[in-house]
Amino acid sequence: MKRIIFTLIFTFCFTNIYSQDTYVKLPTVKNNCPTIIIEKDIIGNESAIGTTKELIDKISVIKGKANRKEHKFFNLTENGIIFVSLKKETAFRTQSELNEFFGIEKDNGVYVNGYLIENSDYKIATECIMEIELVEPDSENKLEKKAINVWTLTKEERINGCERQKVN
């Protein structure tokens with residue numbers, strides 16, 4: 001009996017030590033595009049940054065997986081994050097404003113490019129919204145209630161992925 005209990009405890013501890021923190025995302029999402037965060041809390045895309053480097057004040061990149069307990073942006077890091085500080089204002093909508101517009105509870109979860117935004121501080125740049133879809137709960141996505149998914153990626157980027165720049 002002691003042997004069985006010891007084996008169960010050891011197995012439970014071993015599996016917990018090596019378990020990985022998973023990303024919360026919609027099952028149909030398959031992209032390789034990094035998340036762009038403007039001014040620390042506005043989710044956008046390249047169109048908000050513009051084509052001239054004069055608008056960029058600072059830029060930093062996170063390539064690896066962040067720690068969920070330490071970083072409020074953890075769930076958005078699967079493909080890396082680009083943090084950008086701009087010399088211009090960026091118009092945005094809060095998650096509660098978007099939920100309210102679609103007739104969903106204000107505090108309901110919002111997905112961006114298929115990834116759940118786990119922190120309510122994040123906003124979405126209005127000029128970067130390509131499409132908004134209402135996702136109904138089903139057996140595949142395992143949602144408990146309706147949610148919205150905001151796409152900041154074009155349909156081409158969603159299908160073919162983002163272009164990776166070659167660095168010399």
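What is the mean pLDDT of the protein, and what percentage of its residues reach 70 or more?

1. Confidence. The mean pLDDT is 84, and 83% of the residues reach 70 or more. The term pLDDT stands for the predictor's confidence in each residue, on a scale from 0 to 100. This is a predicted model, in which local features need pLDDT of at least 70 and side-chain atom pairs count only at pLDDT 80 or more, while totals for chains, interfaces and linings use all residues. Residues are numbered from 1 along each chain as its sequence is written, and side-chain values use heavy atoms, with hydrogens and water left out.

2. Over residues 13–19 the pLDDT stays under 50. For these residues the model has 0 contacts beyond four places in sequence, a contact being heavy atoms within 4.5 Å. Where pLDDT is low, predicted coordinates should not be read in detail.

3. The disulfide. The count is 1 disulfide, defined as a pair of cysteine sulfur atoms within 2.5 Å. Cysteine 33 is joined to cysteine 162, with an S to S distance of 1.8 Å. The pair links distant parts of the chain, 129 residues apart: cysteine 33 is in the loop between helix H1 (2–17) and E1, and cysteine 162 is in the segment after helix H4 (155–160). Helices (H or I, at least four residues) and strands (E, at least two) are DSSP runs, numbered from the N terminus. The torsion about the S-S bond of cysteine 33 and cysteine 162 is about 105°, so this disulfide is right-handed.

4. Burial of cysteines. Cysteine 33 and cysteine 162 are both buried. Buried means under 20% relative accessible area, exposed means over 50%, and partly exposed lies in between (1.4 Å probe, protein chains only). Cysteine 128 is buried too, with a relative accessible area of 0%.

5. Most residues other than glycine have a negative phi. Glutamate 39, which is not a glycine, has a positive phi of about 50°. Lysine 40 is not a glycine either, and has a positive phi of about 75°. Glutamate 39 lies in the loop between strand E1 (35–38) and strand E2 (42–44), and lysine 40 also lies in the loop between E1 and E2. Is lysine 40 buried or exposed? Lysine 40 counts as exposed, at 69% relative accessibility, whereas glutamate 39 is partly exposed, at 31%.

6. Serine 85. This residue belongs to strand E4 (residues 81–86). At 19% relative accessibility, serine 85 counts as buried. Neighbours within four places in sequence aside, serine 85 is in contact with Glu39, Leu55, Ile56, Asp57 and Lys58.

7. The open sheet. In what order do the 4 strands of the open sheet lie? The order is E7-E6-E10-E9, and the pairing is mixed. E7 and strand E9 (131–135) are the edge strands, each pairing on one side only. Two strands pair if DSSP finds at least two bridges between them. Strand E6 (residues 110–112) pairs with E7 in the antiparallel sense over 2 bridges. Tyrosine 111 stands opposite leucine 116 in E7.

8. Asparagine 119. The loop between strand E7 (115–116) and strand E8 (123–125) holds asparagine 119. Asparagine 119 is buried, with a relative accessible area of 18%. Its side chain reaches the backbone nitrogen of aspartate 121 at 2.7 Å. Beyond neighbours within four places in sequence, asparagine 119 is in contact with Lys72 and Gln95.

How values were computed: A polar contact is a pair of N or O atoms within 3.5 Å; within protein, one must be able to donate a hydrogen and the other to accept it, and residues adjacent in sequence count only if both atoms are side-chain atoms.
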